[in-house]
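Hello,

Here is the structure we talked about. Please open it alongside this email.

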Amino acid sequence: MSMRRFGRYRNDRGSATVWVAMAMASLCVIFAALLAMGQGVAARHRAGGAADLAALAAADRALQGQSTACAAAVRVAGAQGARVVRCAVRDGIADLTAEARFGPYAPRVRARAGPPDDLSSRSGRPPRPPALSPPSPLLPPPPKDSPDRVNRVNQWQELRGGVP
């Protein structure tokens, strides 16, 4: 028993298969691109973590000399699955570049580490208090004779160098 077709689309049998195959191929290409991007991001993060840890290790041994500091950085980067491409230690600051291979990607990341700016926390002295902000012009000022107002104004003037 044959089925008669009418109209101009007589030979469209199997066209849905072609459309489904094209849609699946497109989805596979998009999925592969997303996986490649994810692998690149993972490689960048791995290299960044290795570079940061290696820079901290080098900065920790910066006073022992550049060769000792860079050797520590190479050991730490190797433990993270990366390698140190460049290492320099100057004035207690370690500056290095690490490379981590992850699949077809090999990103290089630069990291710096050194001593903190304020060493008062290591010397046993309490850290400096944060700077006071000037009195807000939006809030009404406290009464002139209030000890809180006088105290804040004096502290603010001291921070500005004694300028009223």
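Below is what was found in it, from the overall fold down to single side chains.

This is a predicted model: local features need pLDDT of at least 70, side-chain atom pairs count only at pLDDT 80 or more, and totals for chains, interfaces and linings use all residues. Residues are numbered from 1 along each chain as its sequence is written, and side-chain values use heavy atoms, with hydrogens and water left out.

**Overall fold**

The protein chain has three helices and three strands. Both kinds of element are DSSP runs, numbered from the N terminus: helices are H or I with at least four residues, strands are E with at least two. Reading from the N terminus, the order is α-α-β-β-β-α.

Of the 164 residues in the protein chain, 21% are buried. Buried means under 20% relative accessible area, exposed means over 50%, and partly exposed lies in between (1.4 Å probe, protein chains only). The protein chain exposes about 12800 Å², and carbon and sulfur atoms supply 59% of that area. Accessible areas come from the Shrake-Rupley method with a 1.4 Å probe; for residues, only the protein chains shown count as cover.

Contact means heavy atoms within 4.5 Å. Among contacts in the protein chain with a separation of 6 or more, 35% are between residues 24 or more positions apart.

**The strands**

Strands count as paired if DSSP finds at least two bridges between them. β1 and β2 run antiparallel and are joined by seven bridges. Here Arg90 stands opposite Ile93 in β2. The two strands form a hairpin with two residues between them.

Asp91 lies in the loop between β1 and β2. With 68% relative accessibility, Asp91 counts as exposed.

β2 (residues 93–99) and β3 also run antiparallel, with six bridges between them. Glu99 stands opposite Arg108 in β3.

Which way do the side chains of β3 (residues 108–113) point? They alternate. Val109, Ala111 and Ala113 point to one face and are buried.

**Salt bridges**

The whole structure holds six salt bridges. The cut-off is a side-chain nitrogen of Lys or Arg within 4 Å of a carboxyl oxygen of Asp or Glu.

Start with Glu99. Its side chain meets that of Arg83 in a salt bridge (3.0 Å, N to O). This pair links distant parts of the chain: Arg83 is in strand β1, Glu99 is in strand β2, and they are 16 residues apart. Glu99 also forms a salt bridge with Arg108, with the closest N and O atoms 3.1 Å apart. Glu99 is buried, at 12% relative accessible area. Arg83 is partly exposed at 44% relative accessibility, and Arg108 is exposed at 52%.

Next is Asp95. It forms a salt bridge with Arg112, the closest N and O atoms being 4.0 Å apart. Asp95 lies in strand β2 and Arg112 in strand β3, so the pair ties together parts that are 17 residues apart in sequence. Asp95 is buried, with a relative accessible area of 12%. Arg112 is exposed, at 54% relative accessibility. Both belong to a network of salt bridges that links Arg86, Asp95, Arg110 and Arg112.

**The disulfide**

How many disulfides does a search of the whole structure find? The search finds one. A disulfide is a pair of cysteine sulfur atoms within 2.5 Å. It joins Cys70 to Cys87, S to S 2.1 Å. The link is left-handed, with -90 degrees about the S-S bond. Cys70 lies in helix α2 (residues 66–79) and Cys87 in strand β1 (residues 83–90), so the pair ties together parts 17 residues apart in sequence. Cys70 and Cys87 are buried.

**A nonpolar patch**

Val20, Met24, Leu27, Ile30, Leu34 and Met37 make a nonpolar surface patch of about 620 Å². Patches are made of residues with over 30% relative accessible area and no salt bridge; like charges are joined within 9 Å, and nonpolar side chains (Val, Leu, Ile, Met, Phe, Trp, Tyr) within 5 Å. Met24 is found in helix α1 (residues 15–60). Met24 is partly exposed, with a relative accessible area of 46%.

Best wishes
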